[in-house]
Amino acid sequence: MRSINWIRILAILISFPIGLLAYYVALEMIYNQPVHDIKSVALYGGIIYLMFGIPLYIGLFDFLKSKVPPSSLGVVYISCIILSGVLLTLLVVFLAGGNVKQIISPEGNLFGILYIVTGVAFGSMCLLERKIYKTI
């Protein structure tokens, strides 16, 4: 019987709020806009994260873990997460009725930041999992 991977569960629970915080920090610092619509960004961003982000991040991490040497796994994973963030942002744009050009809009950039930071946080915790298990 396979044991529950508590670090991955923690990564799933913590990474989205970290990405959401990055979204709002970028909104304030880059675009000099106050936070108005926290519920809809959290709701729609969270739905995309639950439905597509988590399976993408877990699948990507497991695939890379089996194919990439441990010494370069971190760099390869972060590179793939940036691409995943772009893909998830495109999904948000398309679901909102937009087109590819809108990925470079301020809203598209903010969602890109959200998903890239979420993926980096998720991947960092999963990489930490390997180091924790080596010491046990």
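Tutor: An axis here is a line fitted to C-alpha atoms, for helices over the stretch in contact, and angles run from 0 to 180 degrees between N-to-C directions. The model is predicted, with local features needing pLDDT of at least 70 and side-chain atom pairs pLDDT 80 or more, while totals for chains, interfaces and linings use all residues. Residues are numbered from 1 along each chain as its sequence is written, and side-chain values use heavy atoms, without hydrogens or water.

The axes of H1 and H2 come within 10 Å and cross at roughly 130° (helices are DSSP runs of H or I, at least four residues, and strands of E, at least two, numbered from the N terminus). The two helices are therefore oblique to each other (under 35 degrees is roughly parallel, over 145 roughly antiparallel, 65 to 115 roughly perpendicular, the rest oblique).

On the H1 side, the contact (heavy atoms within 4.5 Å) includes Arg 8, Phe 16, Leu 20 and Tyr 23. Their partners in H2 include Val 41, Gly 45, Tyr 49, Phe 61 and Asp 62. By class, this contact has 13 nonpolar, three polar and three charged residues (Ala, Val, Leu, Ile, Met, Phe, Trp, Tyr, Cys and Pro are nonpolar, Asp, Glu, Lys and Arg charged, the others, Gly among them, polar).

H2, residues 38–67, also meets H3, residues 73–95: their axes come within 10 Å and cross at roughly 155°. These helices are therefore roughly antiparallel, and the crossing is right-handed. H2 contributes residues including Ile 48, Phe 52, Leu 56 and Phe 61, and H3 residues including Leu 73, Tyr 77, Cys 80 and Leu 88. This contact divides into 16 nonpolar, two polar and one charged residue.

Note on methods: A crossing is left-handed if the near helix is turned anticlockwise from the far one by less than a right angle, and right-handed if clockwise.
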